[in-house]
Amino acid sequence: MPVFRPKIIGYYCQYCAYLSDDNFGKVKIPSNVKKCKLLCSGKLDILNILETFESGIDGIFVVGCKEDECRNINGNSRASRRVNYIKKILEQIGISSERIAVYNIEPESLFSNVFLEASAEMGKKIRGLGPIYK
Amino acid sequence: MIIASQKSVREIADNLTKHKRISVAGCGTCVAVCFAGGERESEILASALRMFFKLKSRKVEIRQQTVKRQCEWEFIEELKENIDWADIVVSTACGIGVQAVQKKYLPKRVLPGLNTSFMGMPTSPGVWKERCLGCGDCVLDETGGICPIARCAKNLLNGPCGGSQNGKCEISKDIDCAWQEIYDRLKVLGLLDSMNEIALPKNWSTSRDGGPRRIVREDVNT
Amino acid sequence: MKSESRLEKLLNAGHFAVTAELGPPKSSDSNIIKQKANILKGYVDAVNITDCQTAIVRMSSIAAASILVHLGLEPIAQMTCRDRNRIAIQSDLLGASALGVNNLLCLTGDHQKFGNHPESKNVFDLDSIQLLKTVKDMRDDKKFQCGEEITVEPRFFIGAAANPFADPFEYRAFRMGKKIKAGADFIQTQIVFNLDKFVKWMETVRELGLDKKAFILAGVAPIKSAWMAKYMKNKVAGMDVPDEIIARMEKAANPKEEGINICVDIINQLKEIKGISGVHIMAVEWEEAVPEIVEKSRLKE
């Protein structure tokens, strides 16, 4: 049986990832994780995320600025609340809400590390859950 | 405006057991403004339903269309093509829209996608509160512009009951005591004396208790 | 006299009245009413029969009151606006009067959210003040609420509740005035724990001359435990339990006895307040405490 390689998209906020290209240069993001830059994690769109899942993506995570440090005041908390809404819908249709998660940059930590940790953690979680559509 | 909340996708999907073509019809008026059944929300529902059926390996086609209003025949007309195509329709309009679409497109079945809740307004982003019950005999002139019929849990007309505490209703700390609000408002308006007047039993016959209501206007009638 | 009520006679004669409360059972068992009535008999002047209090289904207050009439006790049937429209209310009033119930306490009623049928539909066709007026108009004008005449009118000694501890505080005495204007002959207040606030409220009541227009019975209750005191303070709407009372209950070696002592202390202080015509002891599911409270506070001498 072939090994299951989950298809994951990692959204990230351009501000906490400023100098992100440099940042990403220092770490090796797994090839099954696709990076996707947002102007702010608050730009996360519910319909867009659902359609992404619909298209067959197995897992999604969002990396946002640390709490209370959003350039747009509360874009990051908005992102969390939208993700909670999406989780609710996923549960209603029988998809594990674990397939989506928010990661906030902790004070003192480097963006690139958080993105990398999120990739690893989500990768492990989604491998456990299996493909979104059997 | 009319405020509604979304039914669980599961509850809607459980009614779509053997259908192959589903039309999701959004409404662009009240329920769009309260983010329950407008264009985006009906698209979200369509997407969620598609995933649901994909998980069950069922081949189901879903179309989505939103019209300006589902409570007027002229606008519902625009849904014709997609409804004729479908086996079943899910309307994310309020109960009025669902009934109108169902009547117009018989014998096709039309299911509600929302729970129509009340007449109200947003009081802060993401929070909607009830403001009017449509009792047909407005008393806002007596109560400083705050409706005790809609906003008091016991629709009292003669002041706060013994459960009013710290401005909150006895049934929940999340609900403001309407009569505390009325009291404060009448004070501002200099009309506090009216709190000592006995409000006589209300004529509920103009409300829903008098049976389904209708209004006829000869001047508008053709 | 407005009615055949013994309570009315006693109060008019200047007697300091004592009333208690009897909650009908959650069953058809009339023996429970008889047992509770036997405990109270001889100690109180009248007994309130609650009307599905806290919106929990119990035996009809009028049926239970009728049982009390047969036992020779004086019932005060409670009637709420929660479960009946004006048709059912007036019908029940005719029936209650025909069964020999002479006292009626008119209440809005607790919201059904707290009860055992939170999914039920409520009525609130009338509110307590409109109910008072309806009962008074039936008695004094021999008229139904719609204006039609009644040949044999129900004659009740009419009561209302007042909560001095609810908000807005400055309106509370006026609201009681409104109830008296609507038809209340007597008032039973919410349980008094906070005497300072009650005294302040009574000052306004006297300024408005309301103590001269209706008999005011102050509500009291024995507390069983410190937990119950805290529960009433925090969870029961419209209840004001000062921290001193909670502290007294916490310190007590025998909380039940201390609860009764606190109740007696409060009664003794209430007796000194001008304009108070009696006390209403609400020993919910603890009827046994009533005789002891009555004896210790020398209410029956």
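**Figure 1. A salt bridge links chain C and chain B in this predicted model.** The count between these two chains is one salt bridge. Its partners are Glu170(C) and Lys187(B). Their closest N and O atoms are 3.6 Å apart. That distance falls within the 4 Å limit used here, so the pair counts as a salt bridge. Polar contacts also cross between chain C and chain B, with a count of 24 residue pairs, both residues at pLDDT 80 or more.

Figure 2. The size of an interface is often given as the accessible area lost when the parts come together. Two pairs of chains are in contact, and chains B and C share the most contacts. Chain A and chain C are joined by no contact. The closest C-alpha atoms of chain A and chain C lie 24 Å apart.

**Figure 3. Chain B and chain A bury about 1,500 Å² between them.** Of this area, 61% is on carbon and sulfur atoms. Three residues of chain B stand out: Ile44(B), Met51(B) and Leu55(B). Together they supply 38% of the area that chain B buries against chain A, more than any other three residues. The contact takes in 14 residues from chain B and 16 residues from chain A.

**Figure 4. Two salt bridges cross the interface of chain B and chain A.** One of them pairs Arg40(B) with Asp45(A). Here the closest N and O atoms are 2.7 Å apart. Six residue pairs are in polar contact between chain B and chain A, both residues at pLDDT 80 or more. On the chain B side, α1 (9-13) and α3 (39-55) each supply at least two residues. The largest share, ten residues, comes from α3(B). The side of chain B that touches chain A has six nonpolar, three polar and five charged residues.

Figure 5. A disulfide is a covalent bond between the sulfur atoms of two cysteines. Take Cys146(C): the nearest cysteine sulfur belongs to Cys81(C) and is 17 Å away. The cut-off is 2.5 Å, so Cys146(C) is in no disulfide. Cys146(C) counts as exposed, because its relative accessibility of 56% is over 50%. Cys65(A) is buried, because its relative accessible area of 8% is under 20%.

**Figure 6. Asn203(B) lies in the segment after α8 (178-189) of chain B.** Which side chain makes a polar contact with the side chain of Asn203(B)? The partner is Ser205(B), at 2.6 Å. Asn203(B) and Gly136(B) are 67 residues apart in sequence. In space, they are 9.4 Å apart, C-alpha to C-alpha. Asn203(B) counts as partly exposed, because its relative accessibility of 39% lies between 20% and 50%.

Definitions and conventions. Residues are numbered from 1 along each chain as its sequence is written. Chains are lettered from A and ligands numbered from 1 in the order in which they are written. This is a predicted model: local features need pLDDT of at least 70, side-chain atom pairs count only at pLDDT 80 or more; totals for chains, interfaces and linings use all residues. Side-chain values use heavy atoms; hydrogens and water are left out. Contact means heavy atoms within 4.5 Å. A salt bridge is a side-chain nitrogen of Lys or Arg within 4 Å of a carboxyl oxygen of Asp or Glu. A polar contact is a pair of N or O atoms within 3.5 Å; within protein, one must be able to donate a hydrogen and the other to accept it, and residues adjacent in sequence count only if both atoms are side-chain atoms. Buried area is the accessible area (1.4 Å probe) that two parts lose on being put together, summed over both. Helices (H or I, at least four residues) and strands (E, at least two) are DSSP runs, numbered from the N terminus. Ala, Val, Leu, Ile, Met, Phe, Trp, Tyr, Cys and Pro count as nonpolar, Asp, Glu, Lys and Arg as charged, and the others, Gly among them, as polar. Buried means under 20% relative accessible area, exposed over 50%, partly exposed in between (1.4 Å probe, protein chains only).
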